[in-house]
Amino acid sequence: MKLYTKTGDKGQTSLVGGRVDKNDVRVEAYGTIDEANSVIGWAMTLLQDEKFRDIYEELQRIQHELFDCGGDLAIVGEKIPYKVKAEMVTFLEERIDAYIQQAPPLERFILPGGSPQAAALHMARTVTRRAERCVVALMKQQQTNEVVLQYMNRLSDYLFAIARVVNARLHVKDVEYERSAIVFRDKNEKKGES
């Protein structure tokens, strides 16, 4: 098997159900998800210490799910069952809720960084946000699996949460944005409850 096929030499690529230009909004969306997946893979190389085993294993699961996201976005007009399901979003929500308890309380915006590991996760988060914007652009033009958008939205929150946990486990303080107002409050505090 050869790695190159030459079928894209004229600027088009194959999808499930047709061929499109390589700069098509659909290709941009799943290509940016692939980019996010690659940055997560890089971050994982920095998280091989035993203290991050749980995070590492979850990120490996997420890498597979990102392939599922890309696969779903590569389907054009076909009646193939989608792979990305609501329970994948629920898993991320459950992990976010658990990780919030493992990091110091957050009131203000923080700067991306701290430790090299957290900085890499913040890089993955920002690429994931860009991928999310690409999926939004795709959904405005064409039919696709809407759960992919929910997944990407939740994934960026998850990456933010674990970046903070990684810093906490390494005893590295998050740096608050110096001109930030208090933007994160407890839900009960907002309602005036104690």
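Colleague: At what angle do helix 2 and helix 3 pack, and how far apart are their axes?
Modeller: In this predicted model, helix 2 (residues 53–73) packs with helix 3 (residues 86–100) at an angle of about 155°, and their axes lie 12 Å apart. Axes here are lines fitted to C-alpha atoms over the stretch in contact, with angles running from 0 to 180 degrees between N-to-C directions. Helix 2 is therefore roughly antiparallel to helix 3, a label for angles over 145 degrees.

Colleague: Which residues of helix 2 and helix 3 make the contact?
Modeller: Helix 2 brings D54, I55, E58, R61, I62, E65 and D68, while helix 3 brings M88, F91, L92, R95 and Y99, where contact means heavy atoms within 4.5 Å.

Colleague: What caveats come with the model and its numbering?
Modeller: Numbering starts from 1 along each chain as its sequence is written, and side-chain values use heavy atoms, with hydrogens and water left out. Because this is a predicted model, local features need pLDDT of at least 70 and side-chain atom pairs count only at pLDDT 80 or more, whereas totals for chains, interfaces and linings use all residues.

Colleague: Changing topic, how many helices and strands are in the protein chain?
Modeller: The protein chain has six helices and two strands, taken as DSSP runs (helices H or I, at least four residues; strands E, at least two) and numbered from the N terminus. The order from the N terminus is β-β-α-α-α-α-α-α.

Colleague: And what share of the residues is buried?
Modeller: Of the 194 residues, 39% count as buried, meaning under 20% relative accessible area with a 1.4 Å probe, protein chains only.

Methods: Buried < 20%, exposed > 50% of the residue type's maximum accessible area, 1.4 Å probe, protein only. Parallel < 35°, antiparallel > 145°, perpendicular 65-115°, else oblique.
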